[in-house]
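Good morning, everyone. Please look at the structure on the screen, and I will walk you through a few parts of it.

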Amino acid sequence: MIECDVLVVGAGPAGSSAARAAARGGAKTVFIDKKKEVGIPVQCAEGIGKYLFPYLPFKIPKHLLKWKIDGISLWAEDITIERTGGIWSGYSINRDEFDKWLAEEAVKSGAKLMLETELVDIDVREDYNVTKVMVKTQKGIKKIIPKVIIAADGVDSTILKLLGFDLNLEKYAGYVIGYKMKNLKLKNPNYYQIYLGDFAPGAYAYIFPKSYTSANLGIGAIFFDKKLEDCYEEFINLPVIKEQIYDGVVVENRSGWAPIRYPVTDLNYGNILLTGDAANQNIKPFIEGILPAIICGDLAGKTSWKFIYNKEPLTNYIKSIRDTLGFFYKESDSLIDVLYRLGKFPDSRGHLIRLGLFSNIFSISDINKLVEYDYYTIKNNLLNYNSNRMRKFMNNLIERLAILYAKIR
Ligand SMILES: Cc1cc2nc3c(=O)[nH]c(=O)nc-3n(C[C@H](O)[C@H](O)[C@H](O)COP(=O)(O)OP(=O)(O)OC[C@H]3O[C@@H](n4cnc5c(N)ncnc54)[C@H](O)[C@@H]3O)c2cc1C
């Protein structure tokens, strides 16, 4: 039997970051993962946005930033919109290497990592306070008695299921078929590419470059009437994709689920804090989850040691997230219903509206007006925007100011 202050379940970005923060605060911290090796298999497109760097609890070492991304190109109905700089720039990372580095940082801070250790059961009181946790290890079932549990166990959270919540992935998550590919002829190797159309029901398809000739390529869906494998075939047969992947070779399958809607309404139940994908903390519309998981995981770890040593309430976690990333989550949350609403009845107009929203040309507050417009009015709005450089410059400026404002608040 193991007794600890903080038990972190999951050693992904959220869990390792939480374990690191809890251990740095002096809490006796154990973090477990059912995997044999941290970071494997990779189920990710490996893109990170630079705009979130100021909110990270540490600096990412340069050697982990593998490929620079200068901007993004978004495509629908044969219209391409390009955005550069500000919130559109970032890097490609290698998730296996990145996740391992982060777990090592937690271990260096004093947290104990137990791999091949799967949480399988909990003793939980009616007020959601967990008194005991059962984990399956190579040597049989072990008991862990923690004061606080940080649920960083991903989109299909065992902890939430054991608490009695009905988690139906098809209702609150999207599935992504993704591959790492090499031998590509990328149009613009320093740009993310996003594609919207019938081939990606309610979601989008993507090419996220990792070098001049390699990239993560995939397609997601939030509605499952069509077989996603067929959607993928449709996508890779678009002329604009075909010419880039003609000689392409699949290196690895990187598919997986990503949360879109909130599976539960709170981030704190009894002595449990939810973080990362278990708490749907990715930022929409691009479902960017790696850096938000690290930032929120860190806040969960800090909240838990402050609860143990300073008797500060665990509910402070919610406020700390609001104070740190609230600006981004407000915008992101307002997109969730719109994504389902527009994706439910996919048509060319809907794809164009999403193109405008994803590229920040249209504002979410105009959605009721936009859905009334006909196809050509929406298309003209986008085309006019595309040819108006001054407006592009102003939009970038507004985005930068918004980020600055969020930082100084
Ligand atoms: C195909 C795909 C592409 C993506 N691309 C991007 C991208 O380009 N950029 C981006 O920012 N985000 C991307 N995301 C999202 C991103 O991968 C996640 O948001 C991020 O991994 C969340 O981190 P996490 O630590 O919360 O969860 P995870 O990384 O899922 O880690 C959870 C960990 O918990 C462990 N675990 C689960 N249950 C148990 C249990 N019962 N006992 C013990 N351990 C357990 C798992 O083994 C896992 O290691 C993508 C997601 C998918 C599916």
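Which residues touch the most other members of the largest nonpolar core? They are Ile32, Leu52, Ile60 and Val133, in a core of 80 residues. A nonpolar core here is a set of buried Ala, Val, Leu, Ile, Met, Phe, Trp, Tyr and Cys residues joined through side-chain atoms within 4.5 Å. Buried means under 20% relative accessible area, exposed means over 50%, and partly exposed is in between, with a 1.4 Å probe and protein chains only. Helix 7, residues 290-310, gives this core its largest share, 9 residues. Helices are DSSP runs of H or I with at least four residues, strands are E runs with at least two, and both are numbered from the N terminus.

Before going on, some ground rules. This is a predicted model, where local features need pLDDT of at least 70, side-chain atom pairs count only at pLDDT 80 or more, and totals for chains, interfaces and linings use all residues. Residues are numbered from 1 along each chain as its sequence is written, and side-chain values use heavy atoms, leaving out hydrogens and water.

Back to Ile32. Leave aside its neighbours within four places in sequence, and its contacts (heavy atoms within 4.5 Å) include Leu7, Val9, Met114, Leu119, Val135 and Ile144. There is also a second, separate core of 38 residues, with Leu74, Val338, Leu339 and Ile367 among them.

Now the backbone. Where are the cis peptide bonds? One joins Ile40 and Pro41, with omega about 0 degrees. Pro41 sits in the loop between strand 2 (29-32) and strand 3 (47-49). Another cis bond joins Lys284 and Pro285, and its omega is about 10 degrees. Pro285 is in the loop between strand 19 (272-274) and helix 7.

That loop between strand 19 and helix 7 also holds Ile287. Ile287 is not a glycine, yet its phi is positive, about 55 degrees. Is Ile287 buried or partly exposed? It counts as partly exposed, because its relative accessibility is 23%.

Asn360 also has a positive phi without being a glycine, near 65 degrees. Find Asn360 in the loop between helix 9 (348-358) and helix 10 (367-370). Its relative accessibility is 29%, so Asn360 counts as partly exposed.
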